[in-house]
Amino acid sequence: MSAGSAGTDALLAALNPAQREAVAAPDGPLLIFAGAGSGKTRVLTHRIAYVIAARGVRPQEILAVTFTNKAAREMRGRVEKLLGADISGMWVGTFHSVGARILRRDGDAIGIPANFVIYDEADRLAAMRRAMQTTGVDSKRLAPTKVVHAVSAAKNELLNAPAFAARASGYFEVEAARIYRAYEAELAAAGALDFDDLLMRTVFLLRDVPPVLEHYRRRWSHLFVDEYQDTNHAQYLMVSLLAATHRNLTVVGDDDQSVYRFRGADIRNILEFQKDFPDAHVVTLDRKSTRLNSSHLGI
C-alpha cells in the first residue's frame, strides 16, 4: 500500500510543526514526549498511516501496542480512516492480547498448549486459595489477595516460581514462594495461564526459542507503543526483543504520568530510552514535557 505526495501531504497538513516532525521522522528509534492535550493519539495514528503511505510499509509488517482494548480499536479505526483502506493484516492490541496470540501460535515450544484458558481475577484468586490449602497455609495468617499480588509482581519482574524461591527472604516471601509453586501446579493441571503469564511466558518464549523470535522480528519491521511510561519490566523486554533487528521503534508517552504504576510500571523505561537507543530521534509535543525531559535526561 502506498500513496503519492498528495496523499502524504494530506496526512501532514492538519498537524502543528512538532506533530509534523514526529509523524515524518526518519526510520529508526523515535521517542515522542506527549503530555495531556498535546495530540498524542493523533500523532501516533498519523505516524502509522504515514509509514504505510509514504514508505511503502505493509500493514502486516506493523505491530502497534497500547494498554486497553478500547484504545486498540480506536487506533485501528483512525488509521483505516486516514488511509481509506483496510489494515486487517496489522497487529493492533494490548500487550496481553498480543502475548496471548503469540503463545497460542508458538507456545508449544515451551510446553504451553494452544488451547490454554486464561484465568481472570476471580479464577486466579480461587486457584491461589487451593494452592494455599495444598501447602497447608492458613488463609487467616496470609491473605490470599496479598499472595496473589506478590506472585503477580514476581511475574512482571520475570521471576518464575524457582527464581522467586531462590531470592525469597523473610517469613512472607518464603511462604509465598511455596504457595507460588503450588499455584503454578494448579494452573498447569487446568491448562490455564493467568493474566501475568501472558507477558512473562511470551518473554520467555521469545528469549529462549530463537526461531520464534526470528519469525516475529522478520514479520514486524515497525513497532509502535502507546503510553510507554506505563510499561513494566516484562513489557519492556518484550518490546526490546522484538525491535532489536530493525530498530524501527516508535514510543509515545508522558514522562510526568504513570497510570499503571500499581501494576509494576517503571517510569525509567521512558526516561532511559535514549540510553537504550543513543541515536533516537526525540520530539516533544508540549512545554511541560520539555522541562521534564531536560531535568530527567540531562539534554
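Q: What lines the second largest pocket, and which residues lie nearest its centre?
A: The lining consists of 13 residues, and Lys40, Thr66, Ala71, Asp226 and Glu227 are the ones nearest the centre. A pocket here is an open set of points on a 1 Å grid over the protein atoms alone, where a 1.4 Å probe fits, with protein on both sides within 12 Å along at least five of seven lines; a lining residue has an atom within 4 Å of a point. The model is predicted, and local features need pLDDT of at least 70, side-chain atom pairs pLDDT 80 or more, while totals for chains, interfaces and linings use all residues. Residues are numbered from 1 along each chain as its sequence is written, and side-chain values use heavy atoms, without hydrogens and water.

Q: Which helices supply at least two residues each to that lining?
A: Helices α3 and α4 (69–83) do. The largest share, four residues, belongs to α3. Helices (H or I, at least four residues) and strands (E, at least two) are DSSP runs, numbered from the N terminus.

Q: What classes of residue make up the lining of the second largest pocket?
A: The lining has five nonpolar, four polar and four charged residues. Asp, Glu, Lys and Arg count as charged, so Lys40, Asp226 and Glu227 from the centre of the pocket belong to that class.

Q: Why is the pair Asp226 and Lys40 called a salt bridge?
A: The term requires a side-chain nitrogen of Lys or Arg within 4 Å of a carboxyl oxygen of Asp or Glu. In this pair the closest N and O atoms are 3.0 Å apart, so the pair meets the definition. Asp226 sits in the loop between β6 (222–225) and α12, and Lys40 in helix α3 (residues 40–55); the pair links distant parts of the chain, 186 residues apart. Both Asp226 and Lys40 are buried. The structure holds 18 salt bridges.

Q: Why does Asp106 count as buried?
A: Buried means under 20% relative accessible area, exposed over 50%, and partly exposed in between, with a 1.4 Å probe and protein chains only. Asp106 has 11% relative accessibility, so it is buried. Its salt-bridge partner is Arg105, with the closest N and O atoms 2.6 Å apart. Arg105 stands at 46%, and therefore counts as partly exposed.

Q: What makes Asp197 and Lys155 a tie between separate parts of the chain?
A: The two form a salt bridge, their closest N and O atoms lying 2.9 Å apart. Asp197 lies in helix α10 (residues 197–208) and Lys155 in helix α7, so the bridge ties together parts that are 42 residues apart in sequence. Asp197 is buried, because its relative accessibility is 0%. Lys155 is also at 0%, and therefore buried. Both belong to a network of salt bridges that also links Glu184, Asp194 and Arg201.

Q: What makes His96 a buried residue, and what does His96 touch?
A: Leaving out residues up to four places away in sequence, His96 touches Phe195, Leu198, Leu199 and Gln235. Contact means heavy atoms within 4.5 Å. His96 and Leu198 are 102 residues apart in sequence, yet their C-alpha atoms are 5.5 Å apart in space.

Q: Why is helix α12 described as mostly covered?
A: In α12 (residues 233–243), eight of the eleven residues are buried. They are Ala234, Gln235, Tyr236, Met238, Val239, Leu241, Leu242 and Ala243. Gln235 is also one of the residues that His96 touches.

Q: Where does Arg247 lie, and why is Arg247 called partly exposed?
A: Arg247 is in the loop between α12 and β7 (249–253). Its phi is near 65°, again a positive value in a residue other than glycine. The relative accessible area is 28%, so Arg247 is partly exposed.

Q: Why is Ala10 called exposed?
A: Ala10, in helix α1 (residues 5–13), has 54% relative accessibility and therefore counts as exposed. Its C-alpha atom is separated by 9.9 Å from that of Tyr50, 40 residues away along the chain.
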